[in-house]
Amino acid sequence: FIISGMIGSAEGFWWDRLADVLYGQNDIDTTLELPSGPFHVRLTGAGAARRALDEVHVRLMPLSVDWINQAVDALSSEFRVEHTLNRGARPLTRKELLQLAANPLVTIGAHTTHHGLLIAQSAEAQFETIATSKVELEAMLAREVRHFAYPFGANDRHSVGAVRRAGLATACTTKSGYVTPWSNPLSLPRRKVYDWDAWRFGRHLSAWGIA
């Protein structure tokens, strides 16, 4: 599932930029100016960066991409951290996307234009980012894109309606479970796979009845 507007981005994903800014900070005392008002973070100690990342991430997630980037840029300036795009965390280039899509085991799906939290957006804004991601990917791949995944797994009736209106056949949540003949194709469960070794991955496949 591809975030179409991030293909070839030189900035990277905002959550990685935020982590870069806060990494190694043991004394954090800052105020973020957000649409809801000032948000103050005061944390000290060895775990300050991790706790601050969690707290700030939750506050930024519902905001528009512009607000999020503005907040991360302000933190970067305050802590004097120059963001350097981590090669291991960077978005794909268009060439790499085409190479991935050429693999017969891979099906490319859409994932909005910038990975905003859909349920925090208006019905029309949800449709715009969902439909645009589909159109942009189809232009890059020269093939139809029929599948979608909700960012953060979150959706409401407007999200589902937007997916249907955009002409997508399926949409995945992050709810764990089996797909059955009675599953709603626009609200499918899936299995989460983490950074497991082969043995643990195999154990989960067996538990799920896949292998």
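Residues are numbered from 1 along each chain as its sequence is written. In this predicted model, local features need pLDDT of at least 70 and side-chain atom pairs count only at pLDDT 80 or more, while totals for chains, interfaces and linings use all residues, and side-chain values use heavy atoms, with hydrogens and water left out.

**Exercise 1. Get your bearings**

Count the helices and strands of the protein and give their order.

*Solution.* Start with the counts: there are seven helices and four strands. Next, read the elements from the N terminus on: α-β-β-α-α-α-α-β-α-β-α.

**Exercise 2. Helix 1 and its partners**

Describe how helix 1 packs with helix 3, then with helix 2.

*Solution.* Two packed helices are described by the angle between their axes and the distance between the axes. Axes are lines fitted to C-alpha atoms, for helices over the stretch in contact, and angles run from 0 to 180 degrees between N-to-C directions.

Step 1: helix 1 (residues 14-22) and helix 3 (residues 65-78) pack at about 15 degrees, with axes 9 Å apart. That makes the two helices roughly parallel, a label for angles under 35 degrees.

Step 2: look at the residues that touch, where contact means heavy atoms within 4.5 Å. From helix 1, W14, R17, L18 and V21 meet I68, N69, V72, D73, L75 and S76 of helix 3. By class, this contact of helix 1 with helix 3 has six nonpolar, two polar and two charged residues. Here Ala, Val, Leu, Ile, Met, Phe, Trp, Tyr, Cys and Pro count as nonpolar, Asp, Glu, Lys and Arg as charged, and the others, Gly among them, as polar.

Step 3: turn to helix 2 (residues 48-60), which packs with helix 1 at an angle of about 145 degrees, the axes being 10 Å apart. Helix 1 contributes W14, W15, L18, A19 and L22, and helix 2 contributes A49, A52, L53, V56, H57 and L60. The contact of helix 1 with helix 2 has ten nonpolar, one polar and no charged residues.

**Exercise 3. Helix 4 against helix 5**

How are helix 4 and helix 5 arranged relative to each other?

*Solution.* First, take the geometry: helix 4 (residues 94-101) and helix 5 pack at an angle of about 80 degrees, with their axes 10 Å apart. The two are therefore roughly perpendicular, the label for 65 to 115 degrees. Then list the contact: R94, L97, L98 and A101 in helix 4 meet L137, A139, M140 and L141 in helix 5. By class, the contact of helix 4 with helix 5 has seven nonpolar, no polar and one charged residues.

**Exercise 4. A residue of helix 5**

Which residues does E138 contact, leaving aside its neighbours within four places in sequence?

*Solution.* Begin by placing E138, which lies in helix 5. Leaving aside those neighbours, E138 is in contact with R143, E144 and V145.

How values were computed: Parallel < 35°, antiparallel > 145°, perpendicular 65-115°, else oblique.
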